[in-house]
Amino acid sequence: MRVPILKQGYYLIASIQSALSDEDLLHLRDDLVERVGRYRSRGAIIDVTVLDVMDSFAVRTLRGIAHMIRLRGAQTLIVGIQPEVAFAMVQLGLTLGDVTTALDLEEGLAYLNQQAEASRQHGE
Amino acid sequence: MANEKFVNHQEDTVPPGLTQAVVPVTSASDIVTARQRGRALAEQIGFAGSDLTVIATVISELARNILEYAKSGEVVLSLGQRGSRVGIVIVARDRGPGIPDLTKAMQDGYTTGRGLGLGLPGVRRLVDDFDIVSELQKGTTVTVKKWAH
């Protein structure tokens, strides 16, 4: 199933709805990287709340997405990693590297707004 | 090549008549099928919470290893019993090239593939029993067990 991507102001929100196959994840990557340019977005939030598994492929792909979006000039936030998923990731030694995370969508949006505010002030 | 065992495992008795799920692994979509079947079985057995996530993740990684190193194989999921404990038995087997150096393969951070799989050490940390038998040109069988609490 393709992950729907919503545009909200300067941000994109990819809200994962169900378990993802490897192919779905790669579609998500391609869609997000393309849309960041099309909508001139400053940030993308990937909501993984419904995922009950983040295996090595998922983690690697999410890291890749964040890196590609950074190269396109925007920021990526992963939100909604469940406690049991976090537990399994740590046991497995999977890390998201320097990808920013937030508790949930609300925190994620607040973070991006804060960043935008800070860069505006910095620019003045 | 010599077989190597990392866990001495006693024979576990499996109650007769219990269904076993065999999931063939030949494409990436089978990974999702395998872990969903495994999760469902684990729930039936009585696992809950983070155990379900751990079991699904382990199945995902083992199935991924099959695809990456052997192209095809199967994941067999079944109920295990040892004394009064019940658990899930996950067998991932393939007829691939086998693992040349098992000791190395069990070291953190070691990979001969594209590094897509997560490595067996991570899987071993997540389960109670871990057993691997690999023979060059014949294939690899990984058997893991997790007991319900």
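A residue is buried if 20 or more other C-beta atoms lie within 10 Å of its own, exposed if 12 or fewer, and partly exposed in between, with C-beta atoms placed from the backbone. The model shown is predicted: local features need pLDDT of at least 70, side-chain atom pairs count only at pLDDT 80 or more, and totals for chains, interfaces and linings use all residues. Residues are numbered from 1 along each chain as its sequence is written, while chains are lettered from A and ligands numbered from 1 in the order in which they are written.

**View 1. The two faces of helix α3(A).** The face of α3(A) turned away from its buried side carries the exposed residues A:P83 and A:V90. Helices (H or I, at least four residues) and strands (E, at least two) are DSSP runs, numbered from the N terminus. Buried in α3(A) are A:V85, A:A88, A:M89 and A:L92. They lie on the same side of α3(A) because they cover an arc of only 100° around the axis, the arc being that of the directions from the helix axis to the C-beta atoms. The cover over the buried residues of α3(A) includes α2 (56-71) of chain A, together with α2 and α4 of chain B. After α3(A) comes A:G93, with a positive phi near 80°.

**View 2. Helix α3(A) against helix α2(B).** Helix α3 (residues 83-92) of chain A and α2(B) pack at an angle of about 45°, and their axes are 8 Å apart. This makes α3(A) oblique to α2(B). Axes are lines fitted to C-alpha atoms, for helices over the stretch in contact, and angles run from 0 to 180 degrees between N-to-C directions. Angles under 35 degrees count as roughly parallel, over 145 as roughly antiparallel, 65 to 115 as roughly perpendicular and the rest as oblique. The crossing of α3(A) and α2(B) is right-handed; a crossing is right-handed if the near helix is turned clockwise from the far one by less than a right angle, and left-handed if anticlockwise. From α3(A), the contact is made by A:E84, A:V85, A:F87, A:A88 and A:L92, and from α2(B) by B:S50, B:T53, B:V54 and B:T57. Two residues are in contact if their C-beta atoms, placed from the backbone, lie within 7 Å.

**View 3. The side of chain B that touches chain A.** The contact takes 21 residues from chain B and 17 residues from chain A. On the side of chain B, the elements that give two or more residues are α1 (28-45), α2 (50-70) and α4 (120-126). The most comes from α2(B), with 8 residues.

**View 4. Helices α1(B) and α2(B).** The axes of α1(B) and α2(B) come within 8 Å and cross at roughly 150°. That makes α1(B) roughly antiparallel to α2(B). Their crossing is right-handed. Among the residues that make the contact are B:I31 and B:A34 of α1(B), and B:I55 and B:I59 of α2(B).

**View 5. Residue A:R2.** A:R2 is in the segment before β1 (5-8) of chain A. A:R2 is exposed because it has 11 other C-beta atoms within 10 Å. Leaving aside its neighbours within four places in sequence, A:R2 is in contact with A:D24 and A:H27. A:R2 and A:Q17 stand 15 residues apart in sequence and 9.0 Å apart in space, C-alpha to C-alpha.
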